[in-house]
Amino acid sequence: MLMKVKLNSTEEQLTFLFNISVSTVSKIFSTWITFLSHELSQFIKWPTLEEIKVHYPACFTKWDKIVAIIDCFEIKTERPSHIEANSLVFSTYKNSPTVKFLIACTPGGLVSFISQPAGGNMSDKQIVIESRLPEKFLPGEQCMADKGFTIQGELLEKGVELIILPFARKGQGFSDENSKLNRDAAHTRIHIERVINRVRDYRILSSGPVPISTFDLIGPIVNVCCALTNLKPSIIPYS
């Protein structure tokens with residue numbers, strides 16, 4: 001199962017290596033990926049601000065109440081034959097059918113939340129709302145996101161501040177203050193992209209479209225990849 005996750009070995013390769021049948025390979029993988037998704041879920045934990053403060057990276061000191069940096073990532077899939085199903089998973093951003101996930105990480109670089117899989121056509125805002133992520137925050141906390149996450153209202157209802165890169169007005173550049181703020185925010189928000197790249201190091205998510213036959217397992221697969229990522233050393237230096 002771990003060889004399939006890490007290397008995306010084919011069923012035929014695993015059949016040869018372990019001298020078992022293709023059907024046995026399929027049964028072992030589907031059974032163990034589901035089991036480990038449940039057992040390793042304890043390693044994907046939403047921490048309190050107090051827990052985060054124990055090891056707060058120096059690059060985040062400008063914003064001292066950030067609990068999560070959020071983003072979405074997409075995994076390419078095979079094209080469904082059903083027209084309606086294809087429209088649900090087709091991503092205009094990737095120009096391909098995809099499965100989409102909302103992911104959050106702590107300032108220290110640990111995956112703290114991963115959503116259920118969604119169709120590639122779902123907007124960032126919609127997936128945030130449907131995943132009920134805003135309910136995890138406490139009043140006074142901060143969330144950092146990209147400009148595409150127009151969720152200020154949803155977070156404001158919870159008393160949470162959304163930290164996003166400042167917008168430049170049409171025909172105008174950034175002021176010196178906004179330019180510096182833009183650089184500082186970009187240098188911190190990039191860590192969620194580094195975390196996503198770590199999750200994608202598991203080649204089952206990056207070496208080709210996910211077969212339709214494993215659509216029902218894509219959620220557990222991503223959960224396991226995120227949990228295993230959290231067992232690696234931190235990618236962000238602490239203060």
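Helices and strands are here runs assigned by DSSP, with helices of at least four residues and strands of at least two, numbered from the N terminus. On that basis, in this predicted model, Asn-8 is found in the loop between α1 and α2.

The loop that holds Asn-8 is also the place of Thr-10, with α1 spanning 2–7 and α2 spanning 11–18. The C-alpha atom of Thr-10 is separated by 9.8 Å from that of Val-22, a residue 12 positions away along the chain.

Asn-8 has a phi near 55 degrees, a positive value in a residue other than glycine, and a positive phi, near 60 degrees, is likewise found for Arg-132, which sits in the loop between α6 (124–131) and β6 (142–144). Arg-132 counts as exposed because its relative accessible area is 53%, and exposed means over 50%.

| Residue | Relative accessible area | Class |
|---|---|---|
| Asn-8 | 23% | partly exposed |
| Thr-10 | 34% | partly exposed |
| Arg-132 | 53% | exposed |

Turning to the pockets, the largest pocket holds about 480 Å³ of space and is lined by 20 residues, of which Asp-71, Cys-72, Phe-73, Glu-74 and Tyr-93 lie nearest its centre. Two or more lining residues come from each of β1 (66–76) and α8 (176–200), and α8 gives the most, with five residues. By class, the lining of this pocket comprises nine charged, six polar and five nonpolar residues.

Technical notes. Residues numbered from 1 in each chain as written. Predicted model: local features only at pLDDT ≥ 70, side-chain atom pairs only at ≥ 80, totals over all residues. Heavy atoms only, no water. Buried < 20%, exposed > 50% of the residue type's maximum accessible area, 1.4 Å probe, protein only. 1 Å grid on protein atoms, 1.4 Å probe; cavity = no way out; pocket = protein on both sides within 12 Å on 5 of 7 lines; lining within 4 Å. Points joined across faces, edges and corners; volume = space filled by probe spheres on them. Nonpolar A, V, L, I, M, F, W, Y, C, P; charged D, E, K, R; others polar.
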